[in-house]
Amino acid sequence: MGVDLKMRIVFQRLSALTRCVFLFLLIPIITARAAQAAEMDLTLRTRDPATGKIVLATEKVDPKHVGVIAVDVWNFHWCKTATMRVDAIVPRMNKALDAARALGMTVMLCPSDVVDNYVGYPQREAIFALPKVAVPTVENVTCPPVPDAGGCACGRERCAVNYGWDGMHPALRIAEADLMPDTQAEVYAICQQRGITHLIYVGFHTQVCLLGKPMGLKAMKSAGLRCVLARDMTDAHPGYDPSRNFTPDLNTEQVVEHFEKYLAPTISFQDELTRMGKWDSSWVVDPVRISPWGTPMRPHLFEEPITVTLAAPLQPDAEIRYTLDGTKPTSGSALYTKPLVFSTSTALRVAAFRGGRAVCLESEGSFARMGPVPSLPDVYIGDLKPVRNVGFGHTYGSAVRYSGNTQPPQKDKSNLGRDLKINRQVYQHGIGVHAPCELIYEVKPDYKRFVALAGADENLVSISNGSNLAKYPSVVFKVFVDGREAAASPVMRILSQAWRFDVEIPDGAKMLGLVVMDAGDGSREDFADWANAGFIVKR
Ligand SMILES: [Zn+2]
């Protein structure tokens, strides 16, 4: 028996007076329901194209007629700073999408390039049952060229393009009732079916995928939907040039301004939800942003001193405080007043406070300064026979059954028999391995130094530009002398510079071990090269 039927029977059994009291009691509940379905008063911001002057307008809309489209909230970007900036926005995006769902909006998650990794998700499968609807062209959407700073916000040590992502950000919540459309026609069909008139865009990067993808703002505006950009839940395709005070946040501001002049009004999603009682101003959701944003798992490698900028653009009155000694930043730590210059390897921890209270999540930056490029060795390790040689596989007796497509260490070749390749450079001499791997060599009395260039092998980028895989290689190289760690690299990733080893061998040393480990995140695609590796002898 349905709940409604049960209620009707109970209602019929009540006396007239009791019925009146019952209805009277129901009124507040009915009113509360009506309040929940209240219209939103969107505060839309546009700009005069000629003067840039801000124009504010309000527009009423029922949340049930609003869709929120999250474009390309990926788990990886070829630029490490861009990846971390997505990481920084996901916590507030989760809060906003939860509130949107609670208000009755339709949430659409659109990972475009990697949408096919979501087959079998009900949010994706539901798309294939949508009725086919012809999409009208209501408007030809054009604008002057959108500023694009290039996509890497690491400054001088620029990241290289690859298609390494394989899914949406792991922290982005996917709710049961969400949908995953991928084309203009799919989004249009959803809008028709649900009476959606307004689309709020969140996601990345503002002037590239959010604007131009098939389900992006341009396509849906052209189909006649009222499209709005949430300026506090997006980031522009970034750039960073501290010499002219050009920061990724200034870049986003400029791109948002372009949207406001030529493309679409913007809202502060946080402000809209605050007005609807769905955002609590005491929430701490924004980490302080760091440029360039090296992390322990993807450090920023550099040779010459670097300029590091900190920002909390969504917490404008916050005091940014930092430490360089590994301790937790507090409201009493050093106050950030201007960009920092690092000339040695540095572990940065940063947070932000207002009136002594933390208003930002803590963030960390990892910066590793490389030594000079070492000389070429006199004796290449490829010409020596290791006394121990173990790798990724099951060992039975003393033989390793190498796993999957990995092989024993290869002389002068990558582990899969191709060129040794690190940071777009091919090396003639070295050893190609797969982590975990250890090679131990006997030290001859005249060996004075061990030298090498070490990095993640780059061959997988030559296939579909590293599609879905370039995020995986992450290795740590270590050199042991007689069982003691003598040198180690930071975590090495694909398309980063090779780490430079130049290790003095003490008199009387007997064994030198070359180790490659995974970086604590499993060893998938952990192909690694010891290039130009070997010994410099005493003269
Ligand atoms: Zn970068």
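Residues are numbered from 1 along each chain as its sequence is written, and side-chain values use heavy atoms, with hydrogens and water left out. Because the model is predicted, local features need pLDDT of at least 70 and side-chain atom pairs count only at pLDDT 80 or more, while totals for chains, interfaces and linings use all residues.

The structure holds 32 salt bridges, each defined as a side-chain nitrogen of Lys or Arg within 4 Å of a carboxyl oxygen of Asp or Glu. One of them joins Arg45 to Glu260, with the closest N and O atoms 2.8 Å apart. This pair links distant parts of the chain, with Arg45 in strand β1 (residues 40-47) and Glu260 in helix α8 (residues 248-263), 215 residues apart. Helices (H or I, at least four residues) and strands (E, at least two) are DSSP runs, numbered from the N terminus. Arg45 is buried, at 18% relative accessible area, and Glu260 is buried at 3%. Buried means under 20% relative accessible area, exposed over 50%, and partly exposed in between (1.4 Å probe, protein chains only).

A salt bridge also forms between Arg349 and Glu362, at 2.6 Å from N to O. Arg349 lies in strand β14 (residues 346-354) and Glu362 in the loop between β15 (357-358) and β16 (363-369), so the pair ties together parts that are 13 residues apart in sequence. Arg349 is partly exposed at 23%, as is Glu362 at 31%.

In the salt bridge of Glu157 with Arg156, the closest N and O atoms are 2.9 Å apart. Glu157 is buried at 15%, whereas Arg156 is exposed at 53%. Finally, a network of salt bridges links Arg85, Asp235, Asp249 and Arg289.
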